[in-house]
Amino acid sequence: MKFKSLKTRILFWFGGITFLILLIFSIIFYSLFEKNMYTSFQSKLYKEAIYVKDNLLNNKDDIIQKGTYLSSNIAILDNTKSIKKTTDFNMDFILPYLNDESFSLLDNGETVLAIYSLKLDNNLKIIVYQNDIDDNIEDIVDTMLVVEPLLFLALIFLGSKLIDKILIPINNISKSAKSISINNFSNTIPIHKYDDEISELINSFNTMIIRLQEGVSNLDRFNNDVSHELKTPLTVIKGEIEITLNKLRAPDYYINSLNTIDYELNQIENIIENLLLLTKYSKENIKKTFEMTSIDSLLLDIIYSYDAKFKNKNIRLIIDKIESINKEINPLLFKTIFSNLIDNAIKYSEKDTEINISLYKNEKIFFSIKDQGIGIAEEKLPFVTDRFYRVDESRNKKIEGFGLGLSIVKNSVDLHNGNLEIHSKLNNGTQIKIFF
């Protein structure tokens, strides 16, 4: 058994507490037993003294006989002179206790005596005492010295077995955790039959395994998507370089080739920047980046930056409502939300159409953007926020993009504890609502 193991530490504390409880119990039990025994002897000696007073004081015999009612050593004294006594009464024991009517204990080094002195009229006294009253206490002490160590060991044994039983699900968790690898997330732990802390731990572990399964699956898909998206511009760049270096070309050809390479490199750079934005923030660190921001001013700046694109397609922008709103947010992510949504609305809208934008606050902050564009089929809506997902490549091949915009918007909204709703009909436009 390892000393640093959980079982050893629990057993150590359990043993220490058990020993302390047994020790305290022994001290209290011994004290109460001793007090009760002395009280019992006092009552017994008093009753025998009263019995002698009532029945034997005027008896003519000099000897007091022990019998049914008397078991102690008894004497009737006149001052210090014995009038009547039991045959084994020892005056040497009781001389120091003849003055007062009282109950006393005398320890002569070998034994403990209980002595009771009952004062009568004139100078008469009845003295009652009993030897070896500590024998019962010694018997109890001897019994406790044998029983308590055995009880302690039994409790330690039972505690060890109980801890083993309690640790079974924890050991199962440990075994499952050791068997988990990047290629193996199949091991889950059977649900505990009791609704307790162990059951909660098992549920948390199984939930973690499911999240890891989803995470690895998403990572695989993400890696495949990234490879696919980067493959096209890299292939174009490689092809341009190979053709250009194949033989001497005219200066204009080199310029066109470099322009093509520059364009594809910008595409790669944009993909990487968007991916970094998706992974840069988390629920744990996002609040550190919050600052008080005028959201309406930020939105108006973004709208102004897209003025040329609105004009190029002759799209009419209708601002239904924009209210003044100040809130602690991450300004970069909010800019990304507004710019991606406005950019998508323009890209997927036909010429001479309208786009409506609203921003206001009731109980929550509400943002809405509605276009009259090509729309999204209902069966495709659940997937539009997935990374690198594009609704229909054949329909949208003339529209630039990587399928990251709505994924970034969704992630940014989630980081601000918001909700994203997408309503769309094919060939009938799209409306996106966000609640913070």
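**Exposure, salt bridges and a helix face**

Reader: What is the relative accessible area of Glu354, and how is Glu354 classed?

Author: This is a predicted model, in which local features need pLDDT of at least 70 and side-chain atom pairs count only at pLDDT 80 or more, while totals for chains, interfaces and linings use all residues. Residues are numbered from 1 along each chain as its sequence is written, and side-chain values use heavy atoms, with hydrogens and water left out. Buried means under 20% relative accessible area, exposed over 50% and partly exposed in between (1.4 Å probe, protein chains only). At a relative accessible area of 26%, Glu354 is therefore classed as partly exposed.

Reader: Which residue meets Glu354 in a salt bridge?

Author: A salt bridge is a side-chain nitrogen of Lys or Arg within 4 Å of a carboxyl oxygen of Asp or Glu. The partner's side chain meets that of Glu354 at 3.2 Å, N to O. The pair links distant parts of the chain, 38 residues apart, with Glu354 in strand S9 (residues 354-361) and its partner in strand S7 (residues 316-322); helices (H or I, at least four residues) and strands (E, at least two) are DSSP runs, numbered from the N terminus.

Reader: How far apart are the closest N and O atoms of Asp414 and Lys410?

Author: Asp414 and Lys410 are four residues apart in helix H10 (residues 405-415), and so are separated by about one helical turn. An α-helix has 3.6 residues a turn, so residues three or four places apart point the same way. Asp414 is partly exposed at 28%, as is Lys410 at 29%. Their salt bridge has its closest N and O atoms apart by 2.8 Å.

Reader: Which residue forms a salt bridge with Lys311?

Author: Lys311 counts as exposed, at 61% relative accessibility. The side chains meet at 3.1 Å, N to O, and the partner is Asp307.

Reader: Within what arc do the buried residues of H6 fall?

Author: In helix H6 (residues 295-305), the buried residues are Ile295, Asp296, Leu298, Leu299, Ile302 and Ile303. Seen down the axis of H6, they line one face of the helix because they fall within an arc (taken from the directions from the helix axis to the C-beta atoms) of 160°.

Reader: Which exposed residues does the other face of H6 carry?

Author: The face in question is turned away from the buried side of H6. Its exposed residues are Asp301, Tyr304 and Ser305.
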